[in-house]
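Take a look at the structure below.

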Amino acid sequence: MFAAERRQLILEMVRANGAVSLRELARVVQTSEVTVRRDVRALEAEGLLDRRHGGAVLPGGFTRESGFPQKSHLATAEKTAIADLAANFVEEGEAIVVGAGTTTQELARRLARVPGLTVVTNSLLVAQALAHANRVEVVMTGGTLRGSNYALVGSGAEQSLQGLRVSRAFLSGSGLTAERGLSTSNMLSASVDRALVQAASEVVVLADHTKLGSDTMFQTVPTDLITRLITDEPPAHDDRAATELQALADQGVQIAVAGASGSPGGEAVPARQQQQRRDVPVPAPRRGQLPQSGSATVRALTAMGELPPGAERARAADLRRR
């Protein structure tokens, strides 16, 4: 393929998706990432796109949101690895929140095997992935359907989350920086994500390396409220992604890298974990950490029918382990 044809195809992919990783571009145009990087630089010099950490985005500073059909075909291997690792942080009998997104959808498919689990979600895709899991209870928010990502948004979704308390929230987004935290391109989605965060004692962000350093319009989770980031191993040449990871770790975010070799630090690995990971230890106490939910809250949720039978004992044991 000639350079002009390659660059035209690259430009069409970025225009269709809003943001595309160098790895994905190289796969589609069937060439090396070095060649793709050279093409992206040339297109950037013409003002046709902007380079971002390990990828290319539409010009103009903020990346725009892609629709579900485009997102579902981007970084599929990375999302699978992240979901595999994230599932190991979920214990039997827990009550958790899972937000909307293609990565969280992958996580939901793995949660179907966790007995006694209660999953609160505003995502039709997450609910669908768990619909036939006999030992998992799914609690959906209300709200208005947003067709581009099959998520329930609006005041109905936010009001249904008031008074709810779960152990942790698993969220994705359009971009993640150490300066602003997790962000998304849609105001309604951002508002619901903020409500999901308020319902959880811990916040776990699932984001592949192409989102690191990308900044979108609406902040959903500030950095000091992110407990853990689960991501994939950035390419060796992606120094900017590595720098962003270090900056997040310096601000107290625990970093778990799917597929990384070795385990140089961090907390104990969950017993259920089968995949290797790397943790960056937290250098300072968490700022703005939400309080832990107590057994009284769990008993209240059990009485309300929000938790399955036996979940109270499992949750109390989880709190004692902490």
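## Two helix pairs

Start with helix H2 (residues 22-29) and helix H3 (residues 33-45), which pack at an angle of about 105° with their axes 9 Å apart. Angles of 65 to 115 degrees count as roughly perpendicular, so H2 is roughly perpendicular to H3. This is a predicted model.

Which residues make the contact? From H2 come Leu 22, Arg 23, Leu 25, Ala 26 and Val 29. From H3 come Glu 33, Val 36, Arg 37 and Val 40. Sorted by class, the contact of H2 with H3 has six nonpolar and three charged residues, and no polar ones.

Now move along the chain to a second pair. Helix H5 (residues 76-86) and helix H6 (residues 102-111) pack with their axes 8 Å apart, at an angle of about 50°. H5 and H6 are therefore oblique to each other. The crossing of H5 and H6 is right-handed. H5 brings Lys 79, Thr 80, Ile 82, Ala 83, Asp 84 and Ala 86 to the contact. H6 brings Thr 102, Thr 103, Glu 106, Leu 107 and Arg 110. By class, the contact of H5 with H6 has four nonpolar, three polar and four charged residues.

Here are the two pairs in one table.

| Helix pair | Angle | Axes apart |
|---|---|---|
| H2 and H3 | about 105° | 9 Å |
| H5 and H6 | about 50° | 8 Å |

## A sheet of three strands

Next comes a sheet. Strands of a sheet pair through backbone hydrogen bonds, either parallel or antiparallel. Which way does the pairing run here, parallel or antiparallel? It is antiparallel: three strands form an open sheet in the order E10-E11-E13. Strand E10 (175-177) and strand E13 (218-221) stand at the edges. Each has a single partner strand, so one side of each is left without a neighbour in the sheet. From one strand to the next, the twist averages 40°.

Look at the pairings in turn. E10 and E11 form a hairpin with three residues between them. Three bridges join E10 to E11. In one of these pairings, Thr 177 has Gly 181 of E11 as its bridge partner.

Leu 182 stands opposite Val 221 in E13. Thr 184 stands opposite Phe 218 in E13.

A helix also packs on this sheet. Helix H9 (residues 187-198) touches E11 and E13. The direction of H9 makes about 20° with that of E13.

## How confident is the model?

The protein averages a pLDDT of 78. At least 70 is the score of 73% of the residues. Where does the score stay under 50? One stretch is residues 68-73, for which the model has 13 contacts beyond four places in sequence. Another is residues 261-322, where the pLDDT is below 50.

Conventions: Residues are numbered from 1 along each chain as its sequence is written. This is a predicted model: local features need pLDDT of at least 70, side-chain atom pairs count only at pLDDT 80 or more; totals for chains, interfaces and linings use all residues. Side-chain values use heavy atoms; hydrogens and water are left out. Axes are lines fitted to C-alpha atoms, for helices over the stretch in contact, and angles run from 0 to 180 degrees between N-to-C directions. Helices (H or I, at least four residues) and strands (E, at least two) are DSSP runs, numbered from the N terminus. Angles under 35 degrees count as roughly parallel, over 145 as roughly antiparallel, 65 to 115 as roughly perpendicular and the rest as oblique. A crossing is left-handed if the near helix is turned anticlockwise from the far one by less than a right angle, and right-handed if clockwise. Contact means heavy atoms within 4.5 Å. Ala, Val, Leu, Ile, Met, Phe, Trp, Tyr, Cys and Pro count as nonpolar, Asp, Glu, Lys and Arg as charged, and the others, Gly among them, as polar. pLDDT is the predictor's confidence in each residue, from 0 to 100. Two strands pair if DSSP finds at least two bridges between them.
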